[in-house]
Amino acid sequence: MVENRSQLQRNYHQQGYFVIRNYFTVAEIAELRAVVLKFHQLWQQDNAKFYQEEAFNSSLITGSEYLAFDDRVQLFNFISSKKIMKVVEAIVANNPAFMNTQLFFNPVNPKQKDFWHRDCQYDHDVAGQKLAIEQTQVLHLRVPLFDELGMELVPGTHKRWDNDEEFNVRQEEKGSVSSDDLTSGEKIKLAAGDLLVFSADMIHRGLYGLERLALDILVFDSAGDFADYVDDDCLPDSLMLDKIDDPRLFINTLNLKSNG
């Protein structure tokens, strides 16, 4: 049973995330998995050294490098499907726009450990990070393609700054490392068919193990200044737009980029 719109809004507003269990059918996940695995296998071959040594994710799944026209259209239709848009519009009411897709998997290197972070720390210093969590945030919609250990999140950190323990671990200060456990962390196990929605800028980490392969869809509010982050190649062209049932999510991005 899917919560109503206001319940989703409330959960996200308060916690920074929510999970909808069994949101997608077995058939929907099987179709999505088939396309994503095509991408993943070709990407692995192309990035063999990186994959073996340090990779734990890839991006631009909707791009033209690895997938054919029909596969890309299928992905675009999933990303903008009624089920996805219902959830997106509950959180981003004002012209939500598509940013990117990412694929998360287990690292081959057994020495690699899962690590705490806020996505904004890769673009900003500490002052900038504090600003980022006060302003427009990016939404992650995670669709696990197999049952997995899921994610560990720190509820509420989409709206508040780190406490001392969180900061030292995330920034690796005072002898801490980013893979240390946090007392404030909450583990969320995920199964194929579930949907996890969370703020990119809350403190979080993926949990390695099992057959981890999760597709993340990244969406932002058009009021946010994120259009420059979007790779042109991962957007649909005019021929594809005609084959997408509800292309608004992509048209909003295309409009932002053309007005940029």
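Predicted model: local features only at pLDDT ≥ 70, side-chain atom pairs only at ≥ 80, totals over all residues.
Me: Let us start with α1. Which of its residues are buried?
Reply: Helix α1 (residues 5-15) has Leu 8, Asn 11 and Tyr 12 as its buried residues. Helices (H or I, at least four residues) and strands (E, at least two) are DSSP runs, numbered from the N terminus. Buried means under 20% relative accessible area, exposed over 50%, and partly exposed in between, with a 1.4 Å probe and protein chains only.

Me: Why do they line one face of the helix?
Reply: Seen down the axis of α1, the buried residues fall within an arc of 95 degrees, so they line one face. The arc is that of the directions from the helix axis to the C-beta atoms.

Me: What do they pack against?
Reply: They pack against β1, α5, β4 and β7 (195-199). Contact means heavy atoms within 4.5 Å.

Me: And just after α1, what phi does Gly 16 take?
Reply: Gly 16 takes a positive phi of about 90 degrees.

Me: What about Leu 210? Where is it found?
Reply: Leu 210 is found in the loop between β8 and β9. Leu 210 also has a positive phi of about 50 degrees without being a glycine, and at 54% relative accessibility it counts as exposed.

Me: On to α2. What should its 21 residues span?
Reply: At 1.5 Å a residue, the 21 residues of α2 should span 30 Å, and the end C-alpha atoms are 30 Å apart, which agrees. The expected span is 1.5 Å times one less than the number of residues.

Me: Which of its residues are buried, and what covers them?
Reply: In α2, Ile 29, Leu 32, Val 35, Val 36, Phe 39, His 40 and Trp 43 are buried. Their cover includes α3 (48-53), β2, α4, β3, β4 and β9. His 40 has a relative accessible area of 6%. Leaving aside neighbours within four places in sequence, His 40 is in contact with Leu 103, Phe 105 and Leu 213.

Me: Changing topic: which polar contacts does the side chain of Asp 216 make?
Reply: Asp 216 is in strand β9 and is buried, with a relative accessible area of 0%. Its side chain makes a polar contact of 2.6 Å with the side chain of His 140, and a polar contact of 2.6 Å joins the side chains of Asp 216 and Arg 142. A polar contact is a pair of N or O atoms within 3.5 Å; within protein, one must be able to donate a hydrogen and the other to accept it, and residues adjacent in sequence count only if both atoms are side-chain atoms.

Me: What else does Asp 216 touch?
Reply: Not counting residues up to four places away in sequence, Asp 216 touches residues including Asn 100, Thr 101, Gln 102, Phe 104 and Phe 198.

Me: Where is Ile 133 found?
Reply: Ile 133 is found in the loop between α6 and β4, and at 9% relative accessibility it counts as buried.

Me: Finally, how many residues line the largest pocket?
Reply: The lining has 39 residues, of which Asp 119, Cys 120, Tyr 122, Asp 123 and Leu 218 lie nearest the centre of the pocket. On a 1 Å grid over the protein atoms alone, a pocket is an open set of points where a 1.4 Å probe fits, with protein on both sides within 12 Å along at least five of seven lines, and lining residues have an atom within 4 Å of a point.

Me: Which element gives the largest share of the lining?
Reply: That is β3, with four residues.

Terms used. Residues numbered from 1 in each chain as written. Heavy atoms only, no water.
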